[in-house]
Amino acid sequence: MNLSLYGILLFFAAFLLHLIIWKIHIPRKNPSLVLLIIFFAVFVLSVIVSQRAPVIPFMPKDIFNQTLIFVFFISMTLAYIVSYSAIEINSPSLEIVLTITKAGPGGLDRERIERMFTEDKLIKRRINELVKIGLVYKNKDIYRLSAKGMLTADIFVWYRRILNTSKGG
Amino acid sequence: MINRYIEIIIPIVGLAVNVIVQILSFRYFVRQSLMRSIIFGFISGLCGVILLAAGIPAGIKSGFWDVMILHVLSYIALGYCYFHFINLGETALRIRIMRELREAPQGLSLDELLARYGTKEIIDRRISRLQRNGQIIAKGNKYYLRSPTMLIMAKSILALRYILLGTFYAD
């Protein structure tokens with residue numbers, strides 16, 4: 001079980017480093033990119049250490065096993081990054097569920113749910129996020145997709161078309 | 001030599017099987033039930049990973065169970081990413097906003113965007129989805145929690161948010 005154990009330990013080492021960095025300073029602009037850099041740097045460092053001074057007896061040294069570990073590591077990193085994006089912004093569905101739970105046995109009426117969400121909270125905040133990460137740009141009062149935004153939107157348009165289903169949202 | 005390279009891409013092949021089965025089952029077999037198609041796709045991909053990993057000759061592996069665990073965990077992580085991608089297309093507000101902008105090459109003002117995709121539609125869709133998935137139930141004009149699945153998910157996200165960002169609240 002050495003190879004899989006090494007892969008899991010490596011991932012947790014990267015996660016620990018990410019946690020320590022976040023306690024010092026949380027990047028606001030593009031945290032996903034910063035996460036990718038941190039995790040990738042840990043992997044590269046592990047490869048160098050395994051070749052020069054293997055600190056763990058079962059550190060893989062050959063390219064084939066290193067590549068297996070890389071596929072595992074990058075898969076776990078991507079899974080973590082997509083989870084992280086769910087932490088950054090509130091999901092309206094989860095907010096509805098939490099508020100219904102807090103309401104207790106009396107339940108929650110539709111009016112109260114509608115009062116929870118304003119245009120500011122739902123749309124303006126999100127469009128500002130899209131502008132911040134460069135997927136949308138604003139010219140005077142008009143919002144348009146950037147080239148990167150168009151590509152991203154197209155991926156989802158094509159996928160929904162393949163599924164033959166509605167817009168979503 | 002070819003078998004060694006196949007071994008490296010086993011989780012990716014599993015993901016490809018997942019995607020194909022999920023799309024086909026959604027379109028033709030499970031009556032447009034997205035969750036069922038996701039489950040079928042995931043299980044099919046997992047079977048593919050296990051069969052491929054088990055079929056690799058033992059002589060080139062460092063250890064059967066060792067490599068099997070690695071491939072299965074890699075596949076589960078990739079499968080989770082795919083699930084997240086599907087979920088984005090299905091529920092994400094930002095993706096819907098981008099799709100509305102995509103359909104309007106001349107651009108949209110905030111008012112025009114809200115006319116196409118406003119607060120009422122957002123709330124209606126979410127309540128409807130939560131009811132359809134059995135997470136909440138309506139009795140009279142009130143809503144009640146029916147299943148704890150989304151609640152567990154919400155609390156896990158809150159906990160992780162607190163650990164990473166030091167707050168329960170997103171900006």
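Tutor: A residue is called buried when its relative accessible area is under 20%, exposed when it is over 50%, and partly exposed in between, with a 1.4 Å probe and protein chains only. The accessible areas come from the Shrake-Rupley method with a 1.4 Å probe, and for residues only the protein chains shown count as cover. This is a predicted model, in which local features need pLDDT of at least 70 and side-chain atom pairs count only at pLDDT 80 or more, while totals for chains, interfaces and linings use all residues. Residues are numbered from 1 along each chain as its sequence is written, chains are lettered from A and ligands numbered from 1 in the order in which they are written, and side-chain values use heavy atoms, with hydrogens and water left out.

Student: Is Ala16(B) buried, exposed or partly exposed, and what is its relative accessible area?

Tutor: Ala16(B) has a relative accessible area of 37%, so it counts as partly exposed. Its place is in helix H2 of chain B; helices here are DSSP runs of H or I with at least four residues, strands are runs of E with at least two, and both are numbered from the N terminus. Gly45(B) is 29 residues away from Ala16(B) along the chain, and their C-alpha atoms are separated by 7.4 Å.

Student: What separates the C-alpha atoms of Thr118(A) and Tyr143(A)?

Tutor: They are 25 residues apart along the chain, and 20 Å separates the two C-alpha atoms. Thr118(A) sits in the loop between helix H5 (110–116) and H6 of chain A. With a relative accessible area of 42%, Thr118(A) is partly exposed.

Student: How do I read a surface patch?

Tutor: Patches are made of residues with over 30% relative accessible area and no salt bridge; like charges are joined within 9 Å, and nonpolar side chains (Val, Leu, Ile, Met, Phe, Trp, Tyr) within 5 Å. In this model, Ile6(B), Ile9(B), Ile12(B), Val13(B) and Leu52(B) make a nonpolar surface patch of about 350 Å². Ile9(B) lies in the loop between helix H1 (2–8) and helix H2 (10–28) of chain B, and its relative accessible area of 40% makes it partly exposed.

Student: What is a salt bridge, and how many does the structure hold?

Tutor: Side chains of opposite charge can pair when their charged atoms come close. The term is used for a side-chain nitrogen of Lys or Arg within 4 Å of a carboxyl oxygen of Asp or Glu. Over all chains, the structure holds 15 salt bridges. One of them joins Asp120(A) and Lys124(A), whose closest N and O atoms are 3.2 Å apart. These two are 4 residues apart in helix H6 of chain A, so about one helical turn separates them. Asp120(A) is partly exposed at 45% relative accessibility, and Lys124(A) is partly exposed with a relative accessible area of 32%.

Student: Which residue meets Arg96(B) in a salt bridge of 2.8 Å, N to O?

Tutor: That partner is Glu100(B). Both residues lie in helix H5 (residues 93–102) of chain B, 4 residues apart, about one turn of the helix. Arg96(B) counts as buried at 5% relative accessibility, and Glu100(B) is buried with a relative accessible area of 1%. Glu121(B) also meets Arg96(B) in a salt bridge, at 3.0 Å, N to O. Glu121(B) lies in helix H7 (residues 119–132) of chain B and Arg96(B) in helix H5, so this pair ties together parts that are 25 residues apart in sequence. At 25% relative accessibility, Glu121(B) is partly exposed. A network of salt bridges links Arg96(B), Glu100(B), Glu103(B), Arg116(B), Glu121(B) and Arg125(B).

Student: How many cavities of 30 Å³ or more does a search of the whole structure find?

Tutor: Rolling a probe the size of a water molecule over the atoms shows where empty space is left. On a 1 Å grid over the protein atoms alone, a cavity is a set of points where a 1.4 Å probe fits but cannot get out, a pocket is an open set with protein on both sides within 12 Å along at least five of seven lines, and lining residues have an atom within 4 Å of a point. Grid points are joined across faces, edges and corners, and a volume is the space filled by probe spheres set on the points. The search finds 1 cavity of that size. Of the 11 residues lining the largest cavity, Asn90(A), Glu95(A), Lys121(A), Arg125(A) and Arg126(A) are the closest to its centre. The volume of the largest cavity is about 70 Å³, and H6(A) gives the most to its lining, with 4 residues.
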